[in-house]
Amino acid sequence: MAQVYAPEDVSGAVLVTELARDLAKRGHQVTVATCAPNYPYGRVYSGYRNRLYQVERLDGVRVARTWSYISPTKTFWRRILNYGSYCATAFYGCLISGRPDVLVSYSPPLPLGLSAWTLSRLWRIPWVLQIEDLYPGAAVAAGVLRYRRAIAFFSAMERFLYRRATHISLISESFRRDLLLKGVPPEKITLIPVWADPDVVRPLPKENTFRDHHGVNGQFVVMYAGTMGHTSALEDVLDAAEILRGEAGVRFLIAGEGIKKAELEKRACAEGLKNTLFLPFQPRHAFTEMLAAADVSLVTLNRNASETSLPSKIFNIMASARPIVAVAPPESEIACLVQEVKCGIITPPGHPELLAKAIMSMKKQTGLLREMGQNGRSQLEARFTRKGCVDMHEQMLLNIYASSSTIGHVGDNSRRRYISES
């Protein structure tokens, strides 16, 4: 079960789509229960309708789409309606789609796990809870969830789902530590990192058509590409742009969408930050050239979110062989990865003067930038490739299926069928 899926091409949708397609190519029957494609603008894509139930086949994957509340307005209650309606309709979407051998649900949204748990009980099959962000912790860190009773309610739901899931797959060592502290047995957890496809995202010339189109040829480009949400710490980036506004040839490119974009754009305009350019969400066919156009790429995460979120953009930046400036707490997993791989520089959130200093230091060290980029690419190829991570997912699912068959939770059907829901 996955709330985002192809043809959506945000990072979460790309990862779910690549996993489903690759499992199907390996001979597994894969069904994805999702909704009408609409992210990031909250408008249903051309060629689709927001129907109660519709089925299509994409690259060997059966895709079942159910109705959900969709709106371009990202207020709190509209987002709750969007998540809640999908979590409810995904239940009947899976029922209509038929009983799989293993059920996988993605979190967030957290309540989707309740639909998955109910289905797993009804069908007597194993259920894997795939954690992409720790909720409700991530929502609390972002300031989205503030009321004590609501936090207690979702925290209880979180503990319930951890107890009831057959197995839990997660993307981060910090997530694993959190679950162990909450009493989840270590044998119930599998850590599979996020990946990037080095055959798709690859090193390309810096001076390219993306730079031509946006008028930044010959400039030192500091790029942020991703969601502009509550945890993105982009205020630090604008503060650094303010500090460096007199530096000739330094340009900040901020590409993407998100709940904080309008506020950030308004501030940049009011302060006259002519060295900062905001761009819309870039389609996947422009993605590789966009990353290549950067001299350095930013990965940002505020202090509150450092234990509950892991920005997946870092792996695509590594694949593009570009150095990273990580605005993140020194103890965060992002900072530890950058230090271990030697693929960039870390500056703590809340200190834009250090970010500005780091950018100017990197601007003067062309050889170091090249070395950092190559370090990131080498480690990506060794540890975080699409094939390697899909191998790990496949082996985990096969092990769960085999174990459940032994104890009689599933039937004797030897053909493996998976439903993914997120």
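1. Strand E4 (residues 102-107) is largely enclosed by the rest of the structure, because six of its six residues are buried. Buried means under 20% relative accessible area, exposed means over 50%, and partly exposed lies in between, with a 1.4 Å probe and protein chains only. Val 102, Val 104 and Tyr 106 are buried on one side of E4, and Leu 103, Ser 105 and Ser 107 are buried on the other. In a regular strand the side chains alternate between the two faces of the sheet.

2. The model is predicted: local features need pLDDT of at least 70, side-chain atom pairs count only at pLDDT 80 or more, and totals for chains, interfaces and linings use all residues. Residues are numbered from 1 along each chain as its sequence is written, and side-chain values use heavy atoms, with hydrogens and water left out.

3. E4 runs parallel to strand E5 (residues 127-131), and five bridges join them. Two strands pair if DSSP finds at least two bridges between them. Helices (H or I, at least four residues) and strands (E, at least two) are DSSP runs, numbered from the N terminus. Tyr 106 of E4 stands opposite Gln 130 in E5.

4. Six strands form an open sheet with parallel pairing, in the order E10-E9-E8-E11-E12-E13. Its edge strands, E10 (276-279) and E13 (344-347), each pair on one side only. The twist from one strand to the next averages 20°. Axes are lines fitted to C-alpha atoms, for helices over the stretch in contact, and angles run from 0 to 180 degrees between N-to-C directions. E9 (residues 250-255) and E10 are joined by four bridges, and Leu 253 stands opposite Leu 277 in E10.

5. Which helices lie across these strands? Helix H8 (residues 234-243) lies across E8, E9, E10, E11 and E12, at about 155° to E9. Helix H12 (residues 333-341) lies across E11, E12 and E13, at about 145° to E13.

6. Thr 308 is in the loop between E11 and helix H11 (313-319). Is Thr 308 buried or exposed? Thr 308 counts as buried, because its relative accessibility is 11%. Thr 308 and Leu 134 are 174 residues apart in sequence, but 4.9 Å apart in space, C-alpha to C-alpha. Not counting residues up to four places away in sequence, Thr 308 touches residues including Asp 133, Leu 134 and Phe 175. Contact means heavy atoms within 4.5 Å.

7. Trp 77 is found in helix H2 (residues 76-97). Trp 77 is exposed, because its relative accessible area is 63%.
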